[in-house]
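Here are a few exercises to work through with the model open. Try each task before you read its solution.

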Amino acid sequence: VTYTERHAGVGKIPTNQARRDNMRPSESETLAARAIDRALRPLLPRECYSVDDAIEINCSVQACGRLDDGAVDGRGGGDPLAVAINSASLAMQKSGLPFTQPVGAVRLCLDYDGAVIFDPSSQQIDNSQLDLLVAATRD
C-alpha cells in the first residue's frame, strides 16, 4: 500500500529546491499506508499475498482543505485517511479479487464532556480526550 499527500493538493506549490512529492514518504504517510494495509489484508485469502501475485494499492490525496499549520480544515469532515481506507476497500470490491466484504472507516473523537464526535475537525481533535480511527466490516 502506498499513501501520498501531494503538496499541490493542500494549496502549497513547492519550489524546485524543496520539491518533496517524488521523495521518500513522510512518517505520517507511512503510518497511513500501514493503517490501510491492516484494515484490508485480513479480508484477502492467504494465497493472494504471495510474491508472484502481488496486489498494489496506491492512495494519493489530490485535494484536501488544510489550514496554514497543516491541519485539516476546521469545517470538519473528509479525513483523508478514512476516505483512503473506504476508497481502497471499494476498489478491492470492484477489482474482481476474492475480497470477502467491504470495509468502512471513520475517525472519532471523545471530547471532555463525554460526547462522541464522528468525523471531527482538527480543532475538535485537538480539544478531545481521544482520537480514534475505526475500520470495520459489517460483522
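**Exercise 1.** Work out how much accessible surface the protein chain has, and what share belongs to carbon and sulfur atoms.

*Solution.* The total is about 9,100 Å², and carbon and sulfur atoms hold 51% of that; the method is Shrake-Rupley with a 1.4 Å probe. Keep in mind that this is a predicted model, where local features need pLDDT of at least 70, side-chain atom pairs count only at pLDDT 80 or more, and totals for chains, interfaces and linings use all residues. Residues are numbered from 1 along each chain as its sequence is written, and side-chain values use heavy atoms, leaving out hydrogens and water.

**Exercise 2.** Describe how H1 packs on H2.

*Solution.* Start with the geometry: H1 (residues 27-40) and H2 (residues 80-94) pack at about 40°, with axes 10 Å apart. Next, list the contacts (heavy atoms within 4.5 Å): H1 brings Ala 32, Ala 35, Ile 36, Ala 39 and Leu 40, while H2 brings Leu 81, Ala 84, Ile 85, Ala 88, Ser 89 and Met 92. Sort them, and you get ten nonpolar, one polar and no charged.

Terms used: Axes are lines fitted to C-alpha atoms, for helices over the stretch in contact, and angles run from 0 to 180 degrees between N-to-C directions. Helices (H or I, at least four residues) and strands (E, at least two) are DSSP runs, numbered from the N terminus. Ala, Val, Leu, Ile, Met, Phe, Trp, Tyr, Cys and Pro count as nonpolar, Asp, Glu, Lys and Arg as charged, and the others, Gly among them, as polar.
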